[in-house]
Amino acid sequence: MAFPYLEAVIGFMILMYIFESFLDVRQHAAHKLPTLPKHLVGAISQKKFEKSRAYSLDKSYFHFVHEFVTILMDCSILYFRILSWFWKRSGEFLVYLGLNAENEIFHTLSFLAGVMVWSQVSCCLWIVFLLDLWLPKITDLPFSLYSTFVIEARHGFNKQTMWLFFRDMIKGIVLAIVIGPPIVAAIIVIVQKGGPYLAIYLWGFMLILSLVMMTIYPVLIAPLFNKFTPVIFIVLELYMVDGNEIIQSRPTQTIAYMYGLFKNKRIVLYDTTHPAVQE
């Protein structure tokens, strides 16, 4: 009798979900406590604590729903072999186009493209471990919209408009279409030719890819989504993100970040922290 790998994987996923939910319930109970913790007395006011608690509770309720839908979809995708069905359909699509379905590169790209298109239309297929090669969690669209325009807006953290939300998403899709296929093709070639040193070759490729992306991101990719203005020149370059752009297009909790490599290293401040904006 063959070992039930599929059932074992699904069972493990459910056990992990139960364990993580147990931890989430304990944290949720802590959020419901109305008393200011002793170590925070004098550090923040009761009013600020209540606002923080209300925000945490909203995020917690949302997290419960999101995680339940996610585990339900993940298990359904595996149990009903939806990925296998997509793989067969993508091969048939290649034959329809007159291409060779036995070509692993074409077949894989067709498969990923089909999954991405279908997930955008349905907005309910959670295949994050595959779609992360293309763009981050596009199948979380309904949850992203609710989180951004309901929860974050309710507590005053979101200044993003619907137009900027979808504009950034479309830019991400176009960028993924341009960058994704060469990376996937390279990985497939390495798998085909790697032999006993496959792991080393893949590690080297991913290392080089990471260094290249860290180098070109500040000068080629980031400007597609935001405007950057030099503020001070020191050992690193200090930039301020454009006011009209960033205030509307990003949540206000984030105030700064660092990124880049070699001569492209930068510190970026969101302009909500800049004195001129505060005035």
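Mentor: Gladly. Let us begin with how elements are assigned: helices are DSSP runs of H or I with at least four residues, strands are runs of E with at least two, and both are numbered from the N terminus. Keep in mind that this is a predicted model.

Trainee: How many helices and strands are there in the protein?

Mentor: The protein has 10 helices and 4 strands. Along the sequence their order reads α-α-α-α-α-α-α-α-β-β-α-β-β-α.

Trainee: And what can I say about the protein as a whole?

Mentor: Of its 279 residues, 33% count as buried. Among contacts with a separation of 6 or more, 57% join residues 24 or more positions apart.

Trainee: Which residues of H1 are buried?

Mentor: They are Ile-10, Ser-21 and His-28. Helix H2 (46–79) is included in what covers them.

Trainee: Is Arg-81 buried or exposed?

Mentor: Exposed, because its relative accessible area is 51% and the cut-off for exposed is over 50%.

Trainee: Where should I look for a nonpolar core?

Mentor: In soluble globular proteins, nonpolar side chains tend to be buried together. Here the largest nonpolar core has 10 residues: Ile-77, Leu-83, Phe-86, Ile-105, Phe-111, Leu-112, Val-115, Val-184, Ala-185 and Ile-188. Helices H3 (82–96), H4 (104–122) and H7 (162–193) each give two or more residues to this core. The largest share, 4 residues, comes from H4.

Trainee: How do I describe a pair of packed helices?

Mentor: Two packed helices are described by the angle between their axes and the distance between the axes. Take H6 (residues 141–154) and H7: they pack at an angle of about 145 degrees, with axes 12 Å apart. The crossing of H6 past H7 is right-handed.

Trainee: Which residues of H6 and H7 meet?

Mentor: From H6 come Leu-141, Ser-144, Leu-145, Thr-148 and Phe-149, and from H7 come Met-162, Phe-165, Phe-166 and Met-169. This contact has 7 nonpolar residues, 2 polar ones and no charged ones.

Trainee: Asp-168 lies in helix H7 too. Is Asp-168 buried or exposed?

Mentor: Buried: the relative accessible area of Asp-168 is 12%, and buried means under 20%. Asp-168 and Phe-225 are 57 residues apart in sequence, yet their C-alpha atoms are 6.6 Å apart in space.

Technical notes:
Residues numbered from 1 in each chain as written. Predicted model: local features only at pLDDT ≥ 70, side-chain atom pairs only at ≥ 80, totals over all residues. Heavy atoms only, no water. Buried < 20%, exposed > 50% of the residue type's maximum accessible area, 1.4 Å probe, protein only. Contact = heavy atoms within 4.5 Å. Core = buried A, V, L, I, M, F, W, Y, C linked by side-chain atoms within 4.5 Å. Axes fitted to C-alpha atoms, helices over the stretch in contact; angles between N-to-C directions. Left-handed = near helix turned anticlockwise from the far one by under 90°. Nonpolar A, V, L, I, M, F, W, Y, C, P; charged D, E, K, R; others polar.
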